[in-house]
Amino acid sequence: MACSATAKILQPLSIRSAEKSQSCSKMLSPSSFLGSTPLPKKLFSVNKTISPLARRSATIVAVSSDVVKEKKLKSTQNLLITKEEGLVLYEDMYLGRAFEDMCAQMYYRGKMFGFVHLYNGQEAVSTGFIKLLKKEDCVVSTYRDHVHALSKGVPARQVMSELFGKTTGCCRGQGGSMHMFSKEHNVLGGFAFIGEGIPVATGAAFTSKYKREVFKEDCDEVTLAFFGDGTCNNGQFFECLNMATLWKLPIVFVVENNLWAIGMSHLRSTSDPQIWKKGPAFGMPGVHVDGMDVLKVREVAKEAVSRARRGEGPTLVECETYRFRGHSLADPDELRDPAEKAHYATRDPITALKKYVIENKLASEAELKAIEKKIDEEVEEAVEFADKSPVPERSQLLENVFADPKGFGIGPDGKYRCEDPKFTQGTAQV
Ligand SMILES: Cc1ncc(C[n+]2csc(CCOP(=O)(O)OP(=O)(O)O)c2C)c(N)n1
Ligand SMILES: [Mg+2]
């Protein structure tokens, strides 16, 4: 078979034989560039049963995605997706990429303010998970949140307007890049502090369980919490894994391990770089998956989401992925090895899905081109819409910021300080 890095994505059944080939095995290892110490090979093929905790009877299994996928393939003898599914996945991934590329352009033209963190390269994770959800399910993201919001159905024009700081944005321009939120789509943020979204997601999952068990509502909603490798060294991660197992919450913790936390290599900053292992340590399954392969991500996501929906509790999924741009648009991205970047560029998840779809005759090149054209127009239209939209009134400044803006108290003139026009103009003496 062809010896290429993408072969692993495109021909899952041949992975094992490809990996046996000495010449290919180095290239095929998703972690061959993980710093100077390669991760143990077993990270990608482990399939072991962890002893049940004394208090719990369920067996907690840690698996690699290959195991999940192989099982599925053997039992169905079919392709992993239908034509319709393939087109949905392609459209969503292409939208994420086109949107982010446009953001870069608009940022450098001065249309956006503050930090803007793009998602290029990681699309298979957002699409692979979120496209399986129902509208009522919740998504909690990080500051790298535009694409999660798009996958969950927030219209591109609302996300772009939010980035432009306009009233038509999904948070009326008050959130900006790092704070995408949509009640309608159950996108619960957008958080600038790392790890901050994990307790919010855990709380959302608790709500679903409480509704079902205490209020006896027909509620099987699932929450997905997305966060990065660097965040897994943060205490909130551990606290929430503990509570999620304790209360058997309907949540999936999705780690987007892009190997870097700004300029800090994952291997240098964590005592055990195999994040998925922390699942079994807290009594939940831990799964490692190739996050550059949307089909593999989707297979793992299906298992984890249905497990949560069935009321069987949380799962920790580590998606090994890569960001194709700097940490933010302000990052010159000089710290990462160019060879590492070049390696992952050959594993572009969108190119890989395109190849899979065409080679398996799920759709023609022309059909995919038509999708690209439609999305390019949608993104263009989003920019026009955002550009034309009005900026918020100054009076909006304190709305939704404080529960009680009157908490600022009475000024020297005897009136509430927040009623002084200088307050919203930023010129009041307080
Ligand atoms: C509580 C907190 N500490 C530090 C920071 C500064 N900070 C911003 S991004 C980041 C790295 C996070 O890396 P990772 O979790 O891997 O996410 P990625 O950016 O790779 O998606 C850090 C430390 C922060 N935002 N919040
Ligand atoms: Mg990271």
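This is a predicted model: local features need pLDDT of at least 70, side-chain atom pairs count only at pLDDT 80 or more; totals for chains, interfaces and linings use all residues.
Modeller: Residues are numbered from 1 along each chain as its sequence is written, and chains are lettered from A and ligands numbered from 1 in the order in which they are written.

Colleague: Why is α8 called oblique to α16?

Modeller: The axes of helix α8 (residues 156–164) and helix α16 (residues 365–388) cross at roughly 45 degrees and come within 8 Å. Angles under 35 degrees count as roughly parallel, over 145 as roughly antiparallel, 65 to 115 as roughly perpendicular and the rest as oblique. The α8 helix is therefore oblique to α16. The crossing of α8 and α16 is right-handed.

Colleague: Which residues make the contact of α8 with α16?

Modeller: Residues are in contact if their C-beta atoms, placed from the backbone, lie within 7 Å. On α8 the contact is made by Ala-156, Arg-157, Met-160, Ser-161 and Phe-164, and the residues of α16 include Glu-378, Val-379 and Phe-385. The contact of α8 with α16 divides into eight nonpolar, one polar and four charged residues.

Colleague: What makes α5 and α6 oblique to each other?

Modeller: Helix α5 (residues 83–108) and helix α6 (residues 123–130) have axes that cross at roughly 140 degrees and come within 9 Å. The two helices are therefore oblique to each other. Their crossing, that of α5 and α6, is right-handed. Among the residues that meet are Leu-89, Asp-92 and Met-93 in α5 and Glu-123 and Ala-124 in α6. By class, the contact of α5 with α6 has three nonpolar, three polar and three charged residues.

Colleague: How do you know that α6 is oblique to α13?

Modeller: The helices α6 and α13 (residues 294–309) pack at an angle of about 40 degrees, with their axes 8 Å apart. That angle makes α6 oblique to α13. The crossing of α6 and α13 is right-handed. In α6, Val-125 and Phe-129 are among the residues that meet α13, where Val-294 and Arg-298 are among the partners. This contact of α6 with α13 has six nonpolar, two polar and one charged residues.

Colleague: Which residues come nearest to ligand 1?

Modeller: Phe-193, Gly-228, Gly-230, Thr-231 and Ala-261 come nearest, of the 15 residues around ligand 1. The elements β4 (223–228) and β6 (260–261) give two or more residues to this shell. By class, the shell around ligand 1 has seven nonpolar, five polar and three charged residues.

Colleague: What does UniProt list for residues 361–388?

Modeller: The unreviewed UniProt entry lists "coiled-coil region" for residues 361–388. In the model, the chain over residues 361–388 is 86% helix and 0% strand, and the end C-alpha atoms are 42 Å apart.

Definitions and conventions
Axes are lines fitted to C-alpha atoms, for helices over the stretch in contact, and angles run from 0 to 180 degrees between N-to-C directions. Helices (H or I, at least four residues) and strands (E, at least two) are DSSP runs, numbered from the N terminus. A crossing is left-handed if the near helix is turned anticlockwise from the far one by less than a right angle, and right-handed if clockwise. Two residues are in contact if their C-beta atoms, placed from the backbone, lie within 7 Å. Ala, Val, Leu, Ile, Met, Phe, Trp, Tyr, Cys and Pro count as nonpolar, Asp, Glu, Lys and Arg as charged, and the others, Gly among them, as polar. UniProt positions are given in the numbering used here, feature names are shortened, and annotations may be inferred rather than shown by experiment. A residue is near a molecule or strand if its C-beta atom, placed from the backbone, lies within 6 Å of it.
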